[in-house]
Amino acid sequence: MESSQQRQDEQQIERLVASVQQGHTGQYADLVRIFQQPIFRYCYRLLTDKQDAEDAVQDILVKAYQSLHQYKRAENFSAWLYRIAHRHCLNLLRRRRLHQQVMRFMRLELITPGPEAELGSELFNHNPALAAALALLSSEERSLLILRVFEEKSYEELSDIMQARPNALIKRMQRIKQKVQQVMRAEEGTVKWSEPNHLPMNSEI
């Protein structure tokens, strides 16, 4: 259930967006202040590199500004912005993986392991079992897990961000949970799993 404060925050964001669209471009700085840290947190967890995350946030916010005329009020601005971030980060991971494949092909000795292989940032150092489980997920699976568990996005928001039906995302999340739980059982003998409480109606999770 959406709280009164959340509705007020969303209305404030929509007013800022409308103002920027009407030519008051200086107010985009207010939107940056609202979303810069949440978007950085998402990018850092997905890319596992602080500098890459900082660069990604700048690129994402510039892309959002350049595309703001395409945003319609009927959408959810937060979900719209996270959709841009999701696509941008996945493209970065694909380019990173392609670069590593080229490096291996050229038989260079120093190869920086990708996020799928390491995930050794301080974000997960406190839980090696979770790090091991996340390392086995694909980029899209890890993005879904981060958005759902760490960013506490509802399945309606995830549907907007990932352009997929909520029921399909619920089933995908169930498979991810099973995969993570299996690895964590093997690593530490226990499973600590929690999801946000604001699930959609008729959720199976």
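**Entry 1: burial and confidence**

I looked up burial to begin with: 43% of the 205 residues of the chain count as buried, where buried means under 20% relative accessible area, exposed over 50% and partly exposed in between, with a 1.4 Å probe and protein chains only. I note that this is a predicted model, in which local features need pLDDT of at least 70 and side-chain atom pairs count only at pLDDT 80 or more, while totals for chains, interfaces and linings use all residues. Residues are numbered from 1 along each chain as its sequence is written, and side-chain values use heavy atoms, with hydrogens and water left out.

I then read the pLDDT, the predictor's confidence in each residue, from 0 to 100. The chain averages 80, and 75% of the residues score at least 70. Among the elements, helix H3 (residues 50-66) has the highest mean pLDDT, 96, and helix H5 (residues 128-135) the lowest, 73. I marked residues 105-125, where pLDDT stays under 50. The model has 37 contacts beyond four places in sequence for residues 105-125, contact meaning heavy atoms within 4.5 Å. I also marked residues 198-205, with pLDDT below 50 and 19 contacts beyond near neighbours in sequence. Where pLDDT is low, the predicted coordinates should not be read in detail.

**Entry 2: elements**

I find eight helices and zero strands in the chain. Helices (H or I, at least four residues) and strands (E, at least two) are DSSP runs, numbered from the N terminus. From the N terminus on, the order is α-α-α-α-α-α-α-α. Among contacts between residues at least 6 apart in sequence, I note that 62% join residues at least 24 apart.

**Entry 3: salt bridges**

I took a salt bridge as a side-chain nitrogen of Lys or Arg within 4 Å of a carboxyl oxygen of Asp or Glu. By this rule the count is six.

I looked at Arg33 and Asp30, whose closest N and O atoms are 2.1 Å apart in a salt bridge. Both sit in helix H2 (residues 28-47), three residues apart, so about one helical turn separates them. An α-helix has 3.6 residues a turn, so residues three or four places apart point the same way. Arg33 is exposed at 58% relative accessibility, and Asp30 is partly exposed at 25%.

Glu75 and Arg83 form another salt bridge, at 3.1 Å from N to O. Here Arg83 is buried at 10% relative accessibility, while Glu75 is partly exposed at 28%.

Glu140 and Arg94 also form a salt bridge, at 3.6 Å from N to O. Glu140 belongs to helix H6 (residues 139-150) and Arg94 to helix H4 (residues 77-105), so the pair ties together parts 46 residues apart in sequence. Both ends are partly exposed: Glu140 at 36% and Arg94 at 41%. I also list one network, in which salt bridges that share partners join Arg41, Arg45 and Glu151.

**Entry 4: helix packing**

Two packed helices are described by the angle between their axes and the distance between the axes. I used axes that are lines fitted to C-alpha atoms, for helices over the stretch in contact, with angles from 0 to 180 degrees between N-to-C directions.

Helix H1 (residues 4-21) packs on H2 at about 145°, with the axes 9 Å apart. The crossing of H1 and H2 is left-handed, that is, the near helix is turned anticlockwise from the far one by less than a right angle, clockwise being right-handed. H1 contributes Ile13, Leu16, Val17 and Val20, and H2 contributes Tyr28, Asp30, Leu31, Ile34 and Phe35. By class I get eight nonpolar, no polar and one charged residues in the contact of H1 with H2; Ala, Val, Leu, Ile, Met, Phe, Trp, Tyr, Cys and Pro count as nonpolar, Asp, Glu, Lys and Arg as charged, and the others, Gly among them, as polar.

H6 and H7 pack at about 145° with their axes 11 Å apart, and their crossing is right-handed. The contact uses Glu140, Leu144, Leu147 and Arg148 of H6 and Tyr155, Leu158, Ile161 and Met162 of H7. I get six nonpolar, no polar and two charged residues for the contact of H6 with H7.

Six of the eight residues of helix H7 (residues 155-162) are buried, so H7 is largely enclosed by the rest of the structure. The buried ones are Tyr155, Glu157, Leu158, Ser159, Ile161 and Met162. Gln163 follows H7 with a positive phi, near 55°.

Val180 is buried, with a relative accessible area of 0%. From Val180 to Ala132 I read 8.6 Å between C-alpha atoms, across 48 residues in sequence.
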